[in-house]
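I am opening a notebook page on this structure. My entries below follow the order in which I looked things up.

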Amino acid sequence: MDAAKVEGLVRELLREIGEDPAREGLLQTPARVARALAFLTSGYRGDAAEVVHRAVFAQPTNHMVIARDIELYSLCEHHLLPFFGRAHIGYVAQGRVIGVSKLARLVDHFARRLQIQERLTEEVAGAVQEAVKADGVGVVVEAQHLCMMMRGVEKQNSMMTTSAVLGSFRRSTATRAEFLTLIGRRHL
Ligand SMILES: Nc1nc2c(ncn2[C@@H]2O[C@H](COP(=O)(O)OP(=O)(O)OP(=O)(O)O)[C@@H](O)[C@H]2O)c(=O)[nH]1
Ligand SMILES: [Zn+2]
């Protein structure tokens, strides 16, 4: 990202919305926005394999592992407004486990881009599967979209839930039920 170029675009945007980019309170704003955007879109840089690098461990287990309530912040690709909520990730190990912080890092990796919630959910599930070669993977994301809250339909309490299930989570009702119980939901 060319920060100087982004700063120029932000100054132009400020002018277009009727502001004066030269007034004192806004002087540093283009630089701040450029820094914030670089962070919020940092998921375009690097790849998922680097995120989990060194933290996939051989472990003779074939049980379910869950990381729940991983908070996430992303930007909707339609309005560039935030959506935020929680991700719950489960997998049935097959001789390998992943460092638990890496599950949260994978969520951030895919959340820090322009997203729709469905794709974010699927990308996290795919990356977990790719890393641990699990028997099955399940990801549930629950999020609120500011584009539905502060504009548009202006609904303050609606929560969007998306899920992606792979392997045994897709095939087996019992596995899916165990996952939903462990993340504290009775059904999707
Ligand atoms: N499925 C899905 N839809 C999303 C997500 N984020 C935003 N949207 C929706 O994308 C749609 C874009 O619809 P448009 O009619 O093109 O845009 P709009 O005129 O701003 O629509 P409103 O939000 O209804 O005012 C809206 O229905 C949004 O609610 C997401 O993560 N997943
Ligand atoms: Zn939106």
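**Entry 1: Arg54**

Is Arg54 buried or exposed? I counted the C-beta atoms around it. Arg54 has 8 other C-beta atoms within 10 Å, so I noted it as exposed. The cut-off for exposed is 12 or fewer. I found Arg54 in the loop between helix 3 (48-52) and strand 1 (56-58). Then I looked up its backbone angle. Phi of Arg54 is near 75°, a positive value in a residue other than glycine. I wrote myself a reminder: most residues other than glycine have a negative phi.

**Entry 2: confidence**

I noted that this is a predicted model. I looked up the confidence values next. The protein chain has a mean pLDDT of 96. Of its residues, 99% reach 70 or more. For the complex, the predictor gives an ipTM of 0.89 and a pTM of 0.94.

**Entry 3: Asp69**

I looked at another positive phi. At Asp69 the angle is near 60°, and this residue too is not glycine. Asp69 is found in strand 2. I counted 11 C-beta neighbours inside 10 Å, so Asp69 counts as exposed.

**Entry 4: the domains**

I looked up how the chain is divided. Domain 1 takes in 3-43, and domain 2 takes in 50-184. Their C-alpha centres lie 32 Å apart. I then listed who takes part in the contact: four residues from domain 1 and six residues from domain 2. On the side of domain 1 that touches domain 2, I sorted the residues into one nonpolar, three polar and no charged.

**Entry 5: helix 5**

**Entry 6: Ala125**

I picked one residue from helix 5 (residues 117-132), namely Ala125. Why does Ala125 count as buried? It has 27 C-beta neighbours inside 10 Å, and 20 or more is the cut-off for buried. I set aside its neighbours within four places in sequence and looked for contacts. Ala125 is in contact with Val137, Val139, Ala164 and Leu166. I also looked at Gly136. Ala125 and Gly136 are eleven residues apart in sequence, and their C-alpha atoms are 9.5 Å apart in space.

**Entry 7: the annotated site**

Which residues does the UniProt annotation "binding site" cover? The record, an unreviewed entry, gives Cys76, His79 and Cys147. They span 72 residues in sequence, yet no two of their C-alpha atoms are more than 7.9 Å apart, so they gather at one spot.

I took two of them in turn. His79 has its place in the loop between strand 2 (64-76) and strand 3 (82-92). With 16 C-beta neighbours inside 10 Å, His79 counts as partly exposed. Cys147 has its place in helix 6 (residues 146-149). I counted 16 C-beta neighbours inside 10 Å for Cys147, so it is partly exposed.

Last, I looked up contacts of Cys147, leaving aside neighbours within four places in sequence. Cys147 is in contact with Cys76 and His79, and also with His78, Leu81 and Gly152.

Methods
Residues numbered from 1 in each chain as written. Chains lettered and ligands numbered in written order. Predicted model: local features only at pLDDT ≥ 70, side-chain atom pairs only at ≥ 80, totals over all residues. pLDDT = per-residue confidence, 0-100. Helix = DSSP H or I, 4+ residues; strand = E, 2+ residues; numbered from the N terminus. Contact = placed C-beta atoms within 7 Å. UniProt positions renumbered as here; feature names shortened; annotations may be inferred. Domains from an automatic or database assignment. Nonpolar A, V, L, I, M, F, W, Y, C, P; charged D, E, K, R; others polar.
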